[in-house]
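Here is a short briefing on one protein chain. Please look through the sequence and the structure before reading the points below.

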Amino acid sequence: MSPALPEEAPEPPELPAVAPQLRALRRRASLTLEAAARTAGLSPAHLSRLETGQRQPSLPMLLALARTYGTTVSELLGEAPADRDAVVRAGTMEATEAGGWTYVQAGAPGRGMQALRVHVPYGAQGDIVRVHPGEEWLYVLEGRLRLRLGDTAYRLDPGDSAHFDSLTPHRIAAADTGGSDLLFVHTLLQSPTTALCLGGMS
């Protein structure tokens, strides 16, 4: 009786594009897992799970990692760099989901600032407080948005906008169950003081 042939091991699931990109960009920046996690305000274990595809990063995490590695969210997601054209056509903008948020790249990569169209779902990432160098500007398109800057809370209606120093602790959340859509522009500054702070702001 011939020995049974060993069963073929199942192929491991294909990692999302963001996982190998995160690992490659960290190595390109010559950062250890611990140093990159500390700069981005994450735990080394959480960053390791992101790099192996066991967890999907939220948009605030992607922004923090992009700043840490001196790159853009587009490159983190493995998107091929486009020509630095002044005009971005609507037909070339593809929606991407990260951590419950949906965003569309609204500007060309490789610039000193990044423009996104963002959908913030109700109840998603409302407890994430961010602090980092640079400036942010947002404009509410649809739905109402809750914006916290330091100790001050605002409710922004469609047509309202905000422009603020990103060193001010800030967080955004949708005020309506249908979520909120906004235009979001931020500067791509790299600094060792960049941090993503997790926790509530009362």
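Helices here are DSSP runs of H or I with at least four residues, numbered from the N terminus. Just after one such run, α3, G53 takes a positive phi of about 80°. The model is a predicted one. Its protein chain has five helices and eleven strands. Of its 202 residues, 42% count as buried.

**Overall contacts**

- Among contacts in the protein chain with a separation of 6 or more, 70% come from residues 24 or more positions apart.
- One example of distance in sequence set against distance in space is A64 with H132. They are 68 residues apart in sequence and 8.3 Å apart in space, C-alpha to C-alpha.
- A64 is found in helix α4. With a relative accessible area of 4%, A64 is buried, because the cut-off is under 20%.

**Helix α3 and its buried side**

- Helix α3 spans residues 44-51. Its buried residues are H46, L47, L50 and E51.
- Those residues cover an arc of only 140° around the axis, so they sit on the same side of α3.
- An α-helix has 3.6 residues a turn, so residues three or four places apart point the same way.
- Which helices do the buried residues of α3 pack against? They pack against α1 (18-28), α2 (33-40) and α4 (59-69).

**α1 against α3**

- Two packed helices are described by the angle between their axes and the distance between the axes.
- For α1 and α3, the angle is about 120° and the axes are 7 Å apart. That makes α1 oblique to α3.
- On the α1 side, the contact is made by A19, P20, L22, R23 and R26. On the α3 side, L47, L50 and E51 take part.
- By class, this contact of α1 with α3 has five nonpolar, no polar and three charged residues.

- α2 is mostly covered, with six of its eight residues buried. The buried residues are L33, A35, A36, A37, T39 and A40.
- Just after α2, G41 takes a positive phi of about 75°.
- α2 and α3 pack at an angle of about 105°, and their axes are 8 Å apart. The two helices are therefore roughly perpendicular to each other, because angles of 65 to 115 degrees count as such.
- α2 contributes L33, E34, A36 and A37 to the contact, and α3 contributes P44, L47, S48 and E51.
- By class, the contact of α2 with α3 has five nonpolar, one polar and two charged residues.

**The aromatic pair**

- How many aromatic pairs does the structure hold? It holds one.
- W137 and Y139 form this pair, which is stacked. The rings are 6.2 Å apart, centre to centre, with 15° between the planes. The pair counts as stacked because planes under 30 degrees apart are classed that way.

Methods. Residues numbered from 1 in each chain as written. Predicted model: local features only at pLDDT ≥ 70, side-chain atom pairs only at ≥ 80, totals over all residues. Heavy atoms only, no water. Buried < 20%, exposed > 50% of the residue type's maximum accessible area, 1.4 Å probe, protein only. Arc of directions from axis to C-beta. Contact = heavy atoms within 4.5 Å. Axes fitted to C-alpha atoms, helices over the stretch in contact; angles between N-to-C directions. Parallel < 35°, antiparallel > 145°, perpendicular 65-115°, else oblique. Nonpolar A, V, L, I, M, F, W, Y, C, P; charged D, E, K, R; others polar. Phe/Tyr/Trp six-rings, centres within 6.5 Å; stacked < 30°, edge-to-face > 60°.
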